[in-house]
Amino acid sequence: MTDLVTNADVFLLLGISSPTATQTSVMTLIRKGVEAGVRSECHWQIHEQQSTVFLPYFNQPTVPTVGTANLAMAASALGGYSFVARGRNRLQLPSSFVKQIVSIYVDEGAIGGNGTGDFPSSSLLDPDTDYYLESEVQASGGTAWSKSGGVLRVQRSWPSTAGTVKCTFVSGFTADELDDEFFELKARIISECCLKWVARNRFADPGASGTVKSEKIGEYSITLADPDVENVLFGGGISQGLKDWLVGNDFVLMNVGV
């Protein structure tokens with residue numbers, strides 16, 4: 001799995017210029033745990049990656065599948081009348097911040113790529129006329145991001161049978177993008193690692209300095225605390241503050257159902 005930040009990033013903020021081998025090993029554990037926690041909370045991989053998926057998913061109406069059901073006019077050639085039918089023209093990809101659709105195949109007889117004849121070349125859709133990416137963010141440099149991960153079909157519906165749509169797409173951020181327009185996400189991850197580092201040191205050395213939480217004079221005792229560190233899980237997971245920030249800044253994939 002591609003790293004989102006480096007140990008050096010965190011040590012720089014902590015002011016540790018020459019970390020020992022033990023410090024480096026501990027930081028690696030902390031950093032990888034934070035990155036895993038961020039990915040788990042966001043429900044997608046964050047770093048740039050090309051993925052191929054077979055959609056819609058079977059019997060999962062509340063996870064990434066065929067999304068919005070739009071109304072469309074339909075006509076009966078025999079009856080000579082028209083009626084309104086539900087046509088699902090939006091496909092939900094299982095990722096946020098999609099930057100490119102590489103290809104989409106539609107084969108209504110396919111079995112999720114397991115059939116020998118699944119998705120022949122004739123089932124390849126034309127990106128100029130058959131579909132378009134639902135884009136909300138025009139970032140500097142010309143990248144049209146789709147935070148929602150939605151793909152709209154033009155004048156037709158996506159099939160509802162599981163595994164009949166094969167989509168290859170690119171989503172996520174490069175190292176350069178994390179250093180530029182998405183630097184605040186990187187900075188938040190680095191800060192979370194720093195807080196866990198301090199929490200780990202308090203755990204390893206209860207006598208470490210800090211603000212006073214409680215003090216007892218008779219048979220003297222003192223409890224030290226740091227308000228921020230106190231709210232950070234030393235083990236797995238990430239802080240509620242970081243979770244709230246990820247949701248508030250649209251990094252969490254909100255699953256869309258029918």
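The lining of the second largest pocket divides into 5 nonpolar, 4 polar and 5 charged residues. The classes are nonpolar for Ala, Val, Leu, Ile, Met, Phe, Trp, Tyr, Cys and Pro, charged for Asp, Glu, Lys and Arg, and polar for the others, Gly among them. This is a predicted model, where local features need pLDDT of at least 70, side-chain atom pairs count only at pLDDT 80 or more, and totals for chains, interfaces and linings use all residues. Residues are numbered from 1 along each chain as its sequence is written, and side-chain values use heavy atoms, with hydrogens and water left out.

Of the 14 lining residues, Thr2, Asp3, Leu4, Ala175 and Leu178 lie nearest the pocket's centre. A pocket here is an open set of points on a 1 Å grid over the protein atoms alone, where a 1.4 Å probe fits, with protein on both sides within 12 Å along at least five of seven lines; lining residues have an atom within 4 Å of a point. The space in this pocket is about 160 Å³, counted as that filled by probe spheres set on the points.

Next, Glu35, in helix H2; helices are DSSP runs of H or I, at least four residues, numbered from the N terminus. Is Glu35 buried or exposed? Its relative accessibility is 3%, so Glu35 counts as buried (under 20% relative accessible area, 1.4 Å probe, protein chains only). Leaving aside neighbours within four places in sequence, Glu35 is in contact (heavy atoms within 4.5 Å) with Thr2, Asp3, Leu4, Val5 and Ile189.

Definitions and conventions. Helix = DSSP H or I, 4+ residues; strand = E, 2+ residues; numbered from the N terminus. Buried < 20%, exposed > 50% of the residue type's maximum accessible area, 1.4 Å probe, protein only.
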